[in-house]
Amino acid sequence: MKYSDFVHESEIRHRSISYNILTPKPEKSGKLALKPEKINIGFFKALNLLIPYTSSRIFEQIKAVMPLAAYLFIFQLLILRQPIQEATIIGLGLVAVIIGLAVFMEGLKVGLMPFGTIIGDNLPKKASMGVVLLIIAILGVGVTFAEPAIGALQAFGGGIDVAKAPYLYELLNNWTQPLVLMVGAGVGLAAVLGTLRFVRGWSLKPMIYLSLIPAILLTLYAWNNPDLRTILGLAWDCGAVTTGPVTVPLVLSLGIGIAASAGKGDSSLSGFGVVTLASIFPIIAVLILSIFVSLQSSPQEIIDAALLTTSNSTFQGLEESKWNQTPFIEILAGIQSILPLVIFLMFVLFIILKSKLPNNLVTGYGLTLSIIGMCIFNLGLTYGLGAIGGQAGDILPAAFMKIDSSDISPIYNKSLGLSIVIIFAWILGFGSTLAEPALNALGATVQDLTNGAFRKAMLMYSVASGVAFGIALGVGKIIFNFDLAMLLIPLYLTAIILTYFSTEEFVNVAWDSAGVTTGPVTVPLVLAMGLGLGNAVSATEGFGILSMASICPILAVLIMGIFIKLRQKGETNG
């Protein structure tokens, strides 16, 4: 089963089960069906039914969150010999992350996914292709706002030093909504092109070449401007943030449904390509926005405005500052991220398509869970993942340099301490990737498509190793202040060369593999760690780790694919 079909069919199956359970069946005879009798279930019986339902979903998130948290805690206590600051609050925050993700993912399956499936199946039958593509483009913006990891970008903007990176500060503090809108526009354009690819059977290779050309050219333009150079890490990290648990399944189910309606849904390439494009186009969009901002304000104007704002803020009332620090901001952000998407999906389904949902009660239940889950997750992001990641980044330099928060730093000599930090980053990337559920689904897909030549375990370890090397390289970039463009451009040029010599199936798998590694747990954790590490070592900015973690697994899978083809060719000739 293909990765996309796995997502698509699992949601249909889930929807069908929910519908069959909660919808009374009409009698086959022509007689009027009797109203089913109400089933009385006691409290303890209801509890026995709910416990397996909830525990399986919570346990799935525990497996993703707790090993990473335990690893960071143990490393900090035993290797860095530093106490955990505000351990109780961080622990409660991690509990909120687990519960929030469990509730949100269940709401996504039950509430949001049926919209994508029904709209994808019926939209081509009742609307022109132009209307279809317009709706998909708008949907791309909506799902971007609903991505849990997008909140991480908005949460970590305050830690940027305006004097060192004025345009980066401006984007993350004063252009936050336009930034997310541009990222969403990139996802929307990717969804449109991905849908056209489904329908017309286009090859992915030319689309990769054509999308990377403007990305690399814009990167070179920004790199040649010393003031714009600091936004490159943010721009390339945005590509990793977008391919999360909302964007991928919802856009895929919509695109595959449209392709199936057009009679083009049976290709082995169905489902591949959207994740790749949804990673590249947001990079282009953020670079364009950054150049536009640079034309509107000079660095000195941004610095002066920031200093004036900081000065004025000291005269604001204490009550306002307390309000800004309360959890209500996170709760409101959760509602704002989901509600517009739900309203748009309802408008398309009820007004444009004039269709109905299989079961309004089940869908309403799912949508409610989505909003509640996002609110709880946002709280956990602020007080749990963001806190533990930022603390880890602040403490890491104690292994090899003197920091103010530690009386015993440096703990080791410089060479040993640096080695420990790089190994820590490698293990973090490897372990977090293997814990991603989507990687297991992708591994089964690849094993099926290659008739067992590219085994599931082989793919998973290739991707995990690529992410591990990427995160280690990204941490090294921050510590040693490497130029990000000088790392990214050679790596992507290498990927283009490997893509040219690879077969279509391995290209599809390799370029989509990066998208399944950046989940809602890994992204905010790595972002917070990178920014904390950047502040601790006085780096200009701490972005760039996610961009390294995206390109390296692509290279790993492409290299593995070429190796497999050469081995098969040798066995055939032998």
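Q: How many disulfides does a search of the whole structure find?
A: The search finds 0 disulfides, a disulfide being a pair of cysteine sulfur atoms within 2.5 Å. This is a predicted model, in which local features need pLDDT of at least 70 and side-chain atom pairs count only at pLDDT 80 or more, while totals for chains, interfaces and linings use all residues. Residues are numbered from 1 along each chain as its sequence is written, and side-chain values use heavy atoms, with hydrogens and water left out.

Q: What makes C238 and C552 count as buried or exposed?
A: Their relative accessible area decides (buried is under 20%, exposed over 50%, partly exposed in between, with a 1.4 Å probe and protein chains only). C238 has 1% relative accessibility, so C238 is buried. C552 has 12%, so C552 is buried too.

Q: How do you know what span to expect for helix α7?
A: The expected span is 1.5 Å times one less than the number of residues. Helix α7, residues 176-200, has 25 residues and reaches 36 Å from its first C-alpha to its last, close to the 36 Å expected. After α7 comes G201, with a positive phi near 70 degrees.

Q: Why is the pair of Y71 and F75 called tilted?
A: Rings of Phe, Tyr and Trp (its six-membered ring) pair if their centres lie within 6.5 Å; planes under 30 degrees apart are stacked, over 60 edge-to-face, and the rest tilted. By this rule there are 11 aromatic pairs. The centres of Y71 and F75 are 6.3 Å apart and their planes stand at 40 degrees, so this pair is tilted. Both residues lie in helix α2 (residues 43-79), 4 residues apart, about one turn of the helix. With a relative accessible area of 8%, F75 is buried.

Q: What makes F430 and Y461 a stacked pair?
A: Their ring centres are 6.1 Å apart and their planes at 20 degrees, so the pair is stacked. The pair links distant parts of the chain, with F430 in helix α16 (residues 414-434) and Y461 in helix α18 (residues 456-480), 31 residues apart. F430 is buried at 19%, whereas Y461 is partly exposed at 48%. Together with W426 and F469, these two form one aromatic cluster.

Q: Which residues form a nonpolar patch on the surface?
A: They are M346, F347, F350, I351 and I352, with about 410 Å² of accessible area together. M346 sits in helix α14 (residues 328-352) and, at 30% relative accessibility, counts as partly exposed.

Q: What stands out about the phi of K354?
A: Most residues other than glycine have a negative phi. K354 has a positive phi of about 55 degrees although it is not a glycine. K354 lies in the loop between α14 and α15 (360-395), and its 66% relative accessibility makes K354 exposed.

Q: Where is N481 found, and is N481 buried or exposed?
A: N481 is in the loop between α18 and α19 (484-501). Its relative accessibility is 54%, so N481 counts as exposed. The phi of N481 is also positive, near 60 degrees, in a residue other than glycine.

Conventions
Helices (H or I, at least four residues) and strands (E, at least two) are DSSP runs, numbered from the N terminus. Patches are made of residues with over 30% relative accessible area and no salt bridge: like charges are joined within 9 Å, nonpolar side chains (Val, Leu, Ile, Met, Phe, Trp, Tyr) within 5 Å. Accessible areas come from the Shrake-Rupley method with a 1.4 Å probe; for residues, only the protein chains shown count as cover. A salt bridge is a side-chain nitrogen of Lys or Arg within 4 Å of a carboxyl oxygen of Asp or Glu.
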